[in-house]
Amino acid sequence: MRSLIVISLIGIWGVVIISSCGSSVNGKTTTATVIPTESFITADTSLIPNDQFGEAVRYGRELMLNTAHYIGPDGTRGKYLGNKMNCTNCHQDAGTKAFSFNLMSSHDNYPQYRGREGKVLTLAERVNNCVMRPHNGKPLPLDSKEMVAFLSYFKWINSFAPKGKSFKGAKNLHVSFPAVAANPEHGQVLYQENCSRCHGHTGEGQWNADKTTYVYPPLWGSSAYQPGSSMHRVIKQAEWLKNNMPYDKVSPGKTFLTDAEALDIAAFVNNDKIHERPNPKSFDYPQLAEKAIDYDKGPFVDTFSVAQHKFGPYQPIISYWKEKGLKAIY
Ligand code: HEC
Ligand code: HEC
C-alpha cells in the first residue's frame, strides 16, 4: 500500500521526491533501488516489558551484541567462547536484520530435526552449536542465566514475526549458480578491492581500542570461525555476503556484489589451502543424503570430488541428486 502511494507521488512530484531520496551524480539524478525499510519486520526494543521476563530479554539482546564481553575468552560472566567475535557479526542487528541469518522465527522453529547431528535439537542446543563452531567455544550450561536470556530474547523477537508463515528477509537471498566452479583466485582480487580495507589484507580483522572484541571481525586465522561452521560453506557464505557485504555498500534489499562475485569471494575466504582456521573434530552428518552439497568433507552420497562439492559447479550435483530422487540441501 505504502509503496503504491510513493510511486503515485513520484509520478506527480517526480523531481522533488527523487532528489530528496536519491543522489545527484554529475548533475544527473539517480534513484536507489532500495526496498523501503518499512516493508521489513523488526523488533521494537522500546516494547521490551519492564518485568523479570523483560530483564532476561534485555540481557539476551546484550549477549547477542556484546557476546565476547560477557562470555568470551576473558568474559565478565563466564569464559565460554574461544574467540572474541559477537553473535551479531553474522546475525546482524542482534538477529533481526533481514537477509542476515535472521533469528526472528527461530523460537517457532525448534525443536527441529537437524541432519548435521542426525537428531532433534532444542533451540538451546542450536545456540550451543554456534557457541562451539563459529565461536570455537564450549557449550553454555542449558540452565545458565545466559542460555535462559538468549532463549527469552529469541521468544520476544519471535513475537514480532508473523505466525506460521515466512516473511521477507527470514531467509538469506539466494545466489544463482554459474556453469563454472567458483574461482578463489578471482575471489582474492575481489577481496583486496572490496573487503581488505576493513577485514585486513590477511583477513585478521581489526581490534577495538582495548582488544576486547573487533571493530571488523576476522575472516580466517586462529581467531576466526572453524571449518565445521556453516559460514565456511561457499554457497552459504555467498548468500549472506550478497546482501550484507561490503558492510557500507548494502542495506536490506540493496545488494552490491553479483552472485558470481559473492561465490568467488566466499571460495577465496574459505580456501583451506591458503587460510588456516582452528580445526577441532566436529560432528558429521550421520546420514549422507542429508549432507549439504557445499559441505567440504566426504564421504558423499555421490561420486563428485571434494573440490566440486566445495567450489562447484553445483548444478550437476543438484541434477544428479534429483535424478536419484533426493533433494539437494544447500
Ligand atoms: C560466523 C558467523 C556466526 C556467528 C558468529 C554466530 N552464528 Fe549463529 N548461525 C550462523 C549460521 C551460518 C547459521 C545457519 C543459518 C542457516 O543455515 O540458515 C546459524 C544459525 C543459528 C541459529 C539457528 C537459527 C534457526 O532458526 O535455525 C541460532 C539460534 C544461532 N545461530 C544463534 C547464534 C548465537 C546465539 C550466536 C552467538 C553466541 C551465534 N549464532 C553466532 C552463523 C553464525
Ligand atoms: C566498511 C567495512 C567493511 C567492509 C568493506 C567489509 N566488511 Fe565484512 N564486516 C564488517 C563488519 C562491521 C562486520 C560485523 C557486522 C556487525 O557486527 O554488525 C562484518 C562481518 C563480516 C563477516 C561475518 C563475521 C566474520 O568475521 O566471519 C564476514 C564473513 C564478512 N564480513 C566478510 C566480508 C567480505 C567478504 C567483504 C568484501 C566483499 C567484506 N566483509 C567487506 C565490515 C566490513
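Reply: The model is predicted. A nitrogen atom of ligand 2 lies 2.8 Å from an N or O atom in the side chain of histidine 199; a polar contact requires such a pair within 3.5 Å, so this pair qualifies.

Me: Which elements give two or more residues to the shell around ligand 2?

Reply: They are helix H9 (196-199), strand E6 (214-216) and helix H10 (234-244). H9 gives the most, with three residues.

Me: Why is ligand 1 said to lie between domain 2 (50-158) and domain 3 (184-269)?

Reply: Both domains give residues to the shell around ligand 1, so ligand 1 lies between them. Helix H6 (residues 123-132) supplies the largest share of that shell, five residues.

Me: What makes the pairs of serine 106 and tyrosine 110 with ligand 1 polar contacts?

Reply: A polar side-chain atom of serine 106 is 2.7 Å from an oxygen atom of ligand 1, and for tyrosine 110 the corresponding distance to an oxygen atom of the ligand is 2.6 Å. Each value is within 3.5 Å, so both pairs meet the criterion.

Me: How do the residues around ligand 1 divide by class?

Reply: The shell has 14 nonpolar, six polar and two charged residues.

Technical notes: Residues are numbered from 1 along each chain as its sequence is written. Chains are lettered from A and ligands numbered from 1 in the order in which they are written. This is a predicted model: local features need pLDDT of at least 70, side-chain atom pairs count only at pLDDT 80 or more; totals for chains, interfaces and linings use all residues. Side-chain values use heavy atoms; hydrogens and water are left out. A polar contact is a pair of N or O atoms within 3.5 Å; within protein, one must be able to donate a hydrogen and the other to accept it, and residues adjacent in sequence count only if both atoms are side-chain atoms. Helices (H or I, at least four residues) and strands (E, at least two) are DSSP runs, numbered from the N terminus. Ala, Val, Leu, Ile, Met, Phe, Trp, Tyr, Cys and Pro count as nonpolar, Asp, Glu, Lys and Arg as charged, and the others, Gly among them, as polar. Domain bounds come from an automatic or database domain assignment.
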